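Please read them beside the coordinates.

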Amino acid sequence: MTVLEMLEALVKTRGITGTPQETAVANQVMEIIRDDPYFLEHPELCGQWDGVDALGRPVVWALKKGSGKRTVIVSGHYDTVGTGCYGVYEDYALNPQQLLQAYLNNPPNDPALMEDIRSGKWMVARGCADMKAGLALNLDALFSHTPGEVNVLFTAVSDEENLSAGARQAVTLYRQLQERFGLQYEVAIVSESIERDTAAEEPHPLINGSAGKILPVVVAKGIPAHGAAMLRGINSAHLIAEIVCQTEYDTAFVSHGGDLYTQPPAVQLIRDLKPGYDVSMPEYTAAAFNMTFFCDTDPLSLMNRLMHNCRTATQQVLERYQDCAEAMVTEGTLADGIYRPFDLSVMTLEELEAKACQQSGYEAFHKAAAARSMQRAADGDTLVMISIRYIAELMAFAGRGPMVVAGIAPPYYPAVNNEYLSCHSAPIMQHAAQALRQQGVQTAMRAYTPAMMDLSYLSCFHPESAHKVMSNVPIPKPLYDMDIDAMAQLGIPSLVVGPAGKDIHQLGERVFIPDLEGDLPKIFRQIIASTQQYEQ
């Protein structure tokens, strides 16, 4: 099968992330591999690895075995986002030819999309760019490789669009295959699509890292009071609102990597935890903040800044409360003694756990709370809300009055960059870039992509910090975990190398066909060849 034939077959199989549908795509990938002559002869060199996934989604793997240890990994994810955004075109979203015709018959109000469609150079369909084109390129690289000294290991994982469960589980598989076959991982190619100016013939980017992400959650516990007597309490919603004002647009959170800068935190969620309406102020209110960073920024420094903002915000709320109450007493509009000074503590989840575990009954509380978290996940609650509810329950157990507590909800993506690893891929890439220039293919090295990707779990240059982050994640390990020490031991240099794509996750999602038929297969093959040829 050609790259385009494999891509069309993969696109037509629905595999929405976070659903059992994903296994259908995994099975199809496995069928394509088993039909290849090499794997018909060597069925023991491919399979579906069970990472004990809650939805039974496997990691698909196939190894074309060479005579040496050097190994190139080609990896991608087989899940996609949903098709609801296609609206009247949704029935055709998984069929590139039918969707193309539907757009021509009833053009969407998107001149740039229609211009690309009429050029004949772009395939449209859900998942064509993100990232089944990458999977097709990976399969082509695997099948076309002639075993010499270098091994080529193909992997396809689930859940990238959600929590990257497949990539986190695959860490164990990489270790097992490494030991079983004596592999030395030189570089991993993650074939996500990349924005590139194809009209200007911009060089193909070879990206050496990706941004990291943490999702801090802050829970405020106030003192509830009747809305008509609000000065008898402290409003948790007011506390959270002030923390949001302190944190969103705060440039102290901006991280620098190469020629890129992250942007300030964005609030992803803000809500009180009241089960319904009543006239009292909410006792608990929570917010979640999306924070991205590059390798020069320790995520713990972001948490430290957030804690600073929390302390500043709570102090301002308390001062505003006191100023209001004192002014009303002076004006004679409030009876003296209605208000009182509050002692409001601010701490991390780890700090609160350390205090709570000294209290009688903590072990029973923790066991029951973990069971409730597991049940909430089974009922379909998000890990963000499960994290928030656990923190609120721990605050109630601690019984320490009004407080603000910050933890971290999944997903957590460590920042990665090859320059921070002891095993360097630079000689391979320098050799490959020079060879490709001689073939008329132009490439350009980049330090980072600002997007979060599965390559975050192929290495970990700062395991101590990663462990500290995970110590503030209030989710039971069966629901969310990562093997940080194994990631650090693997230390696999990784590259994002993929076809040009546009409008990812939108109805105009499309991939640049000439990349699939021309330069990208050449680039993949040359990186593999250069891995064999460079001098260590």
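Two strands are said to pair if DSSP finds at least two bridges between them. Helices (H or I, at least four residues) and strands (E, at least two) are DSSP runs, numbered from the N terminus. This is a predicted model: local features need pLDDT of at least 70, side-chain atom pairs count only at pLDDT 80 or more, and totals for chains, interfaces and linings use all residues. Residues are numbered from 1 along each chain as its sequence is written, and side-chain values use heavy atoms, with hydrogens and water left out.

1. Strand E15. This strand covers residues 403-413, and eleven of the eleven are buried, so E15 is largely enclosed by the rest of the structure. Buried means under 20% relative accessible area, exposed means over 50%, and partly exposed is in between (1.4 Å probe, protein chains only).

2. Partners of E15. Strand E14 (residues 345-348) runs parallel to E15, and four bridges join the two. Within this pairing, Thr348 has Ala406 of E15 as its bridge partner. Strand E9 (residues 212-221) pairs with E15 in the antiparallel sense, over eight bridges. There, Gly407 of E15 stands opposite Val217. Strands of a sheet pair through backbone hydrogen bonds, either parallel or antiparallel.

3. The peptide bond joining Pro410 and Pro411 is cis, with omega about 5 degrees. Pro411 belongs to strand E15, where eleven of the eleven residues are buried.

4. Strand E13. Ten of the ten residues of E13 are buried, and the strand is mostly covered. In a regular strand the side chains alternate between the two faces of the sheet. In E13, Tyr284, Ala286, Ala288, Asn290 and Thr292 point one way, while Thr285, Ala287, Phe289, Met291 and Phe293 point the other way; all are buried.

5. Partners of E13. E12 and E13 run antiparallel and are joined by six bridges. Asp272 has Thr285 of E13 as its bridge partner.

6. The loop between E12 and E13. Ser280 lies in the loop between strand E12 (266-272) and strand E13 (284-293). With a relative accessible area of 26%, Ser280 is partly exposed. Its C-alpha atom is separated by 8.4 Å from that of Ala228, 52 residues apart along the chain.

7. Val267. This residue lies in strand E12 and counts as partly exposed at 25% relative accessibility. The C-alpha atoms of Val267 and Asn27 are separated by 38 Å, and the two residues are 240 apart along the chain.

8. A three-stranded sheet. Strands E4, E20 and E19 form an open sheet in the order E4-E20-E19, with antiparallel pairing. The edge strands are E4 (122-124) and E19 (501-502), each of which pairs on one side only. E19 pairs with strand E20 (residues 510-512) over two bridges, and Gly501 has Val511 of E20 as its bridge partner.

9. Backbone angles to check. Which residue in the loop between E19 and E20 deserves a look? His505 is found there; it is not a glycine, yet its phi is positive at about 70 degrees. His505 is partly exposed, with a relative accessible area of 36%. Glu201, also not a glycine, has a positive phi of about 55 degrees. Glu201 is placed in the loop between strand E6 (184-190) and strand E7 (204-207) and is exposed, with a relative accessible area of 69%.

10. A cis bond at Asp130. A cis peptide bond joins Asp130 and Met131, with omega about -10 degrees. Met131 lies in helix H6 (residues 128-144).

11. A charged patch. Glu464, Asp481, Asp483 and Asp485 form a negative surface patch. Patches are made of residues with over 30% relative accessible area and no salt bridge; like charges are joined within 9 Å, and nonpolar side chains (Val, Leu, Ile, Met, Phe, Trp, Tyr) within 5 Å. A salt bridge is a side-chain nitrogen of Lys or Arg within 4 Å of a carboxyl oxygen of Asp or Glu. Glu464 lies in helix H14 (residues 463-470) and, at 55% relative accessibility, counts as exposed.

How values were computed. Accessible areas come from the Shrake-Rupley method with a 1.4 Å probe; for residues, only the protein chains shown count as cover. Lys and Arg count as positive and Asp and Glu as negative; His and the chain ends are not counted. The place of a charge is taken as NZ of Lys, CZ of Arg, CG of Asp or CD of Glu.
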